[in-house]
Amino acid sequence: MQDGAAVLLPALPLLGGLLLFLFDACGVKSPRTALIALVSTALSFFLGLFVLWGVIASGPLILRLPVTLPGLTDGPLWGVDRLSAIMVLLVTGVSTVVQAYSLRYILGEPDYGRFFSLVAAETSVLVMLVTSRNLLLIFVFWQLMSLGLYLLMAHNRRRRNAVDTAGKTFLVHRAGDMFMLAGILIAHESFHTLDLGRIADILRDSPAAVSQGPLAALVLCIFVGCMAKSAQFPFHFWLPDTMETPTPVSALMHAGIVNAGGYLMNRTSILFAHSPLSMHIVFAVGFLTALFGSSTMLIQSDVKRKLGFSTMGQMGYMTMECGLGAFSLAVFHLIAHGIFKATLFLESGTAIAIARKDPSIPRRMAEEPATPEGFHLSRALPVALVTLVLPLVIVLGAHQLADIHLSREEGTVVFLFFSWVTVSQVTISLTRARLFDSFAAAIPWTAVLVLFVYGYIGAAHKFNLFLYPDPVTRALFFSSGGVGWVMFTPIVLLITSVIVAGWVVAFFRGVRGRQILPPWILSRQEALYLFFLNRGSVEHLLLHRVVEPVDRLLWRLRELFDGKERA
Amino acid sequence: MAALPLNILPFLALPLFSPLLRRLFSSGRSRSLATVLPVALFLLWVLARILSLPASSPVIAGGLSREGLLLCLCLGAVLLPLLLVLTEKAESPKGGRLPAVWFPCLLLSAGSAAFLESGDSGVLAGGGLLGLLLLGGAGFLGGAYPGAYRNGFLLRVLAGSLLVLTLSFRTTLVATPAGGGMLLAAILLFFPAPLSRRSERVVAPEFLQLDMLFFLCLPPLLVFDLLRVWPSRGFPDTTLLEGIVLGWGLLGLVRAKTAHYVQEVADGLSSAGMGAMVAGLLTGTAAGREGGLFLAVLLPQASLLGGLVLSALIARFRVRTVSGLSGAGAMIAPLRLAFLLAAFQGMSLPVVGGLLGEWRLIEGIYDGSPLLGIGVLAGLFLTFALTLAALRRFFSGMEPPLSRGDREIVKTLWPGELWAFGTASFLLLLTDFAGTLGWFGGAGR
């Protein structure tokens, strides 16, 4: 029964998309036909719930493909486990919402039916991607996903910018894909199989079967593929340009497609866990991306671009979590991020429309700094306590309640860090909005915050146990991502100092209206601003230091080959 | 030389009915149908023989090899759409004088003889004959459009054909180092054909179509055919040779990147594909051979479809430079679709491209030399980037400024063209599907 339902998961959206495409091709252009794709995707979502229930009750489902692919008969190609089932729900859920939103959003545009059939087909591809169990099959759907994204982004072919951006995105993804293909080649050479289950068995039975060098090369190659898809630094530059696409496509992309990198890292987590060096590199890349994405977001004036860089920052966080061995948290994060980012994108158009009509929006009161009053320790201390210490107390309490022992795993400490930074961010925003000004107002807000944090941390912890129930596997992940307390403690202290210092500066500037940074830092602010405005100048460097010299070299080669006159 | 087996005769005879039947009808649809019917029957015949082949066995009872049948299928699949366009009225008196139907059908007939032979002497004799037919084709084209090909190129094709024919009479020679060297020399004479012919870029559609058949579509098949004799008695280590052919393929990409004329883009991409194909075959591994076969069958068809689209644009706009045709296809949706399909073949995308074939090819090359394997990967990326750039350049953005009437004329496709694009696309997708089902080897592995 559940096997049949699992087969329908990708089949339903695909059939809906094909049917709609046929209707469109036959000249049936009624907007109501779009409901075919929407309903089939929604059905797939509900079937996903049923399959998830089955997977929880009776373990993973192994399915057989009706065709035999050359060189790919060693093990099951396709199946649904807990990770797949969760991802299927995310993909089909977001796709259903996006299609429902698009019913009116793109009404009246040319190629209305084509758009829905493309979204449905892309959903089917994503479902197949997350249910594949063989590296080459994953690669097949990985590429089909890029192709679908290209077609969706270039939906309006008459806009050169949209087509160029789609082309650029496709090209960056393709560069990552080549690394991924190289990784798959190394995996085939090393394990003589591409079945992930068998690879896991080999690594479990004899961890030294493959030496660290090839394993690290394999993991890093796969990781580069993930980097390109998840807009990690320095592959990030395609993401902000994608704002040319229709808003529903942006929502689908930011909520579903960019998460593919995080999903793949989870799917191949057993490989990552056996290569500690790669885990550290993953962490470093994630850290850099999170820092860069969040900083660049701050200087954007366009709502959608802001959201784009926010996605980049979040993807960085997600990658950092993988680098620390907290793979399940990365999935938890990407689900939460997917849902809230889709909501933000779909709401952004409405918000802009309202703001255009109502001159009092955005309301200045919430963002306006208070009148400078001079520094008074008696006033500064309570605010510092509220914005820094209170979140720490809440987060520590939540960890204690969820029975998470902080001293046991470094990853947990880092998770505590994330939680603390996030909650502090929320608290300072509330402070700036003057919601902590009176005791009566502060109580309910604090209660909401406490409930929210407890809920989040508890859910994340349960999710960890749900996704990776085997304690040995969880321990392996965390030990592989660890750097040892000797290195870890100074890093934590350093980052804490930076965060506290940052908060102090923000507090004085935002709440008290005073600048306390020394002049030598202030003099570099403009350069820093320009650096982030130019997105780290990666594109500029790529164009002027790589593409143009290579282009010149190619022309020289041609001159050598054909003679100057012909070239 | 061994005598031709009887079961090859239908393959030889069927294509020759095409020009004969064509003479029975004066003009119009019946004439076109009469021209393409024998080739369509040829294709069906080949398909039936392939389908009757047991999945586990590479050879059927009559001595026809799976590889040979697939090469025949590819040649037929290339010819069928081309005949649909060639039967349209020639634009110029020069074009009308070309043996436009006879020559391709002769090629199909001779190609069948070469590909379906399983003995060394038969393969070599067929290869030599094909080479001479190419030379004859170049001679005819050169006669109709003087200066179209340079003498050096014609001499190279002649030398290659003679070398192969000599070897076909003394097959025992191939086992010796001298004979091996001769075969290698012959292959290396044919191999650069797409890139090195340096024709004078004649703009007439008739020339472009036949030139495409002779020197873009046929060389991969011919070189594959000759390499079937190679692996068992090649040089002990072929890494250097693989590097050389891959280097040549890279030069093809350079040519495509720096192209002035659209033909140069097609030549360069075809050359790059041939480099990868030959490198795969030279490895002597099963994976390399399967991947090479996949590419040999796919590359001519993709080249044909892309070439047909570009020649249709050239015929309409009377421009053949890359910059001149920028945005030219933006208003012609069927052309865009056909080009998209052809372009995706070069991107190793699944379903529409030879991902599995390329996977086997890279696997084979990587086994011998990881460095060359990485080189092929880089080449794949560059090919992809170039085809994507071509797609964007010709089929998106600003359309050329034309009057309303001109726009309508430009947008209107002839029925023969529409049938040609449809047939070529269908056959190309069929080939992809067949490859995915393991027709090129590897099923049940």
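P234(A) sits in the loop that runs between helix 8 (212-229) and helix 9 (238-241) of chain A. Helices here are DSSP runs of H or I with at least four residues, strands are runs of E with at least two, and both are numbered from the N terminus. The peptide bond between F233(A) and P234(A) is cis, with omega at about 5°.

This is a predicted model, where local features need pLDDT of at least 70 and side-chain atom pairs count only at pLDDT 80 or more, while totals for chains, interfaces and linings use all residues. Residues are numbered from 1 along each chain as its sequence is written, chains are lettered from A and ligands numbered from 1 in the order in which they are written, and side-chain values use heavy atoms, with hydrogens and water left out.

Which other loop residues have a backbone worth a look? S537(A) isn't a glycine, yet its phi is positive at about 60°. You'll find S537(A) in the loop between helix 23 (525-533) and helix 24 (538-562) of chain A. Over in chain B, R318(B) does likewise: not a glycine, but with a positive phi of about 55°. Its loop links helix 13 (286-317) to helix 14 (333-345) of chain B. R318(B) is partly exposed, because its relative accessible area is 46% (buried means under 20%, exposed over 50%, partly exposed in between, using a 1.4 Å probe and protein chains only).

## Helix 12 and its partner in chain B

Helix 12 (residues 262-282) packs against helix 13 of chain B at an angle of about 175°, and the axes are 8 Å apart. Axes are lines fitted to C-alpha atoms over the stretch in contact, with angles running from 0 to 180 degrees between N-to-C directions.

The contact (heavy atoms within 4.5 Å) includes G273(B), M277(B) and G280(B) from helix 12, and G288(B), G292(B) and L299(B) from helix 13 of chain B. By class, the residues in this contact are ten nonpolar, six polar and one charged. Ala, Val, Leu, Ile, Met, Phe, Trp, Tyr, Cys and Pro count as nonpolar, Asp, Glu, Lys and Arg as charged, and the others, Gly among them, as polar.

## The chains overall

Chain A has 24 helices and two strands, while chain B has 18 helices and zero strands. The accessible areas below come from the Shrake-Rupley method with a 1.4 Å probe; for residues, only the protein chains shown count as cover.

| Property | Value |
|---|---|
| Buried residues, chain A | 53% of 567 residues |
| Buried residues, chain B | 62% of 445 residues |
| Accessible surface, chain A | about 25300 Å², 68% from carbon and sulfur atoms |
| Accessible surface, chain B | about 15900 Å², 68% from carbon and sulfur atoms |

Now for contacts with a separation of 6 or more. In chain A, residues 24 or more positions apart account for 77% of these; in chain B, they account for 79%.

One last stop is L19(A), in helix 1 (residues 2-25) of chain A. At 43% relative accessibility, L19(A) counts as partly exposed. Its C-alpha lies 42 Å from that of E189(A), 170 residues apart along the chain.
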